[in-house]
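Here is my note on the model. Please keep the structure open beside it as you read.

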Amino acid sequence: MKKYDTPLIDELEKGPWPSFVTEMKKAGKNNEMANDAVGHLEKCYQTKVGYWKHGGIVGVLGYGGGVIGRYSELGDEFPGVAHCHTVRINQTSGFFYTSSALREICDIWDKYGSGLTNMHGSTGDLVLLGTKTDALETIFAEYSSRGWDLGSSGSALRTPNCCVGPGRCEWTNYDTLDLNYALTQEFQDEIHRPMFSYKFKIKMSGCACDCVASIARADMSIIGTWKGHIEINQDEVKNYAKNGMDIKAEIVDMCPTQCISYEGEEFKINNAECSRCMHCITRMTKALKPAGERGATICIGSKAPIVVGSLLSWVIVPFIKVEPPYTELKDLIRKIWEWWDDNAKPRERIGEVIEMKGMRSFLEGIGQSPIPQQIKEPRKDPFMFYTEDDMAAFKAKEAEEKKTGKYKF
C-alpha cells in the first residue's frame, strides 16, 4: 500500500483534541480507500482545491435518498477514492446502541467501505464515509437483512432525531423515544423518497435544555414543557446555600424573566412569569422540579445559513399534549408540509419561506389562530393589513351596529 507524505495535515494532529487525521491514518493501514483518502486530503491542502464532485445519481433500488454521491477529479492519482459515496443509516432513537449492534455496523462497513464513520456529528446522523458505486446494493442488502434501514438525504424528511428522553433523563416532559419511532414509521415515504422543495428536519427534546439543539438545527422543534408550577423544597434550597452556592448570583440574577426572589430565607418563584427555561431546575436539581400537566412546545423554522442567514425556531404552538397515537401532531406536520409545498421555490427551507411570506400567511395556511406566544419581536411598521374576510366581518359588524344602535368594542 502506498505511503503518502503528509506534512500539512500532520499539523492537525498536534492540538489538544482528538484528530480526525489520526483516525484516518489508523484506518488507512488496513484499507486502501482510507489510505488514498489521506493522500487526497494532503493534496487538497497543498493546492487549496477541493477536487470533490458532490452529488450525482447513485442510490439503491426503491430509495431516493440515503446515499450521497461523491467522486474525485483525481481518480487516476488516488483510485481508492475515485468513487467515495456516503451512506446514511437510520439511527436508533436517542442514540442507544448495544456494543454488538455497533460492531455489526462497523464489520459490514469494513467489508465494503473505507471503514471511516461519522457517528452523530453536526447533522446528528449515523454516517458511513466512502464506498464505491458497485458496492451500494450489496451494502444495503447486508444492512437491511440484519434489521437496519437507510437514513435520509436530499430534499426529504431527514431521519428524525431525539434526545435520550425517559431512557436516562428525569426532566423529560414526554416520551421522545416513542415519538421519534412513531414519526419515523409514519413518514417512511417522506424519508426515503425525496418529494419536498428542500430538506425538512424534525428534532425532539424532552425539555428546554434541548440536548439535540433542535431550536437551532431543526425545521420543526418539539421541545418538552409543562403547564404547572415549579415545586420547591426549601430545606434543599438552604442546603445549596450552606454548601456555598451564591443563589442570588447564580439563580436569581440569571433568571431571564426575573420571576425568582430570594433574600436568604424563602425561595419564591412567580410561576405566571416563568418561561420554563429550566435554568434554575438544572442548577438546583434537589430543590426544584416541574409539576403539573406535561407536553411540548412546537417551534418552526430554524436552519443554518444558505439562501438567507441562520434562523432560530419560532413558537407556533405553545403547548400540545404529546401522547400516542400522536394524531394531532401528525396532522399538524402534514398541514405544515402542504403550505410549504404550495409556497416554496426549490431549495427554500420552510423558515425562509415564512420570512418571505409572513407568519400570518403560514398560520392561516395551517389553521392556527394567532396568539401572543407567537410574537417574535415588536412590529417594525405602522401598517395594518386586512384580508377580504376581515373586511367582510367589519362591514357586517358595522351594519349590525347601525341597525341596533349598540356598538361593539
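1. The protein chain has 15 helices and 15 strands. Both are DSSP runs numbered from the N terminus: helices are H or I with at least four residues, strands are E with at least two. This is a predicted model, where local features need pLDDT of at least 70, side-chain atom pairs count only at pLDDT 80 or more, and totals for chains, interfaces and linings use all residues. Residues are numbered from 1 along each chain as its sequence is written, and side-chain values use heavy atoms, with hydrogens and water left out.

2. Overall dimensions come next. The C-alpha trace spans about 90 × 65 × 40 Å along its principal axes. Of the 409 residues, 45% count as buried, meaning under 20% relative accessible area with a 1.4 Å probe, protein chains only. The accessible surface comes to about 22,100 Å², by the Shrake-Rupley method with a 1.4 Å probe. Carbon and sulfur atoms hold 53% of that surface.

3. Contacts are heavy atoms within 4.5 Å. Among those with a separation of 6 or more, 65% link residues 24 or more positions apart.

4. How many cavities of 30 Å³ or more does a search of the whole structure find? It finds three. A cavity is a set of points on a 1 Å grid over the protein atoms alone where a 1.4 Å probe fits but cannot get out; lining residues have an atom within 4 Å of a point. Points are joined across faces, edges and corners, and the volume is the space filled by probe spheres set on them.

5. The largest cavity has a volume of about 90 Å³. It is lined by 16 residues, with Cys255, Ile260, Cys274, Cys277 and Cys280 nearest its centre. Helix 11 (residues 279-283) gives the largest share of this lining, three residues. By class, the lining has 12 nonpolar, three polar and one charged residues.

6. The second largest cavity has a volume of about 70 Å³. Its lining includes Arg88, Asp125, Arg158, Lys201, Ile202 and Lys203. By class, the count is one nonpolar, three polar and five charged.

7. Strand 8 (residues 202-205) is covered on both faces. Ile202 and Met204 are buried on one side, Lys203 and Ser205 on the other. Strand 8 runs parallel to strand 7 (residues 161-162), joined by two bridges; Cys162 has Met204 as its bridge partner. Strand 8 also pairs in the parallel sense with strand 9 (residues 220-226), over four bridges. There, Ile202 partners Met220. Pairing requires at least two DSSP bridges between the strands.

Notes. 1 Å grid on protein atoms, 1.4 Å probe; cavity = no way out; pocket = protein on both sides within 12 Å on 5 of 7 lines; lining within 4 Å. Nonpolar A, V, L, I, M, F, W, Y, C, P; charged D, E, K, R; others polar. Buried < 20%, exposed > 50% of the residue type's maximum accessible area, 1.4 Å probe, protein only.
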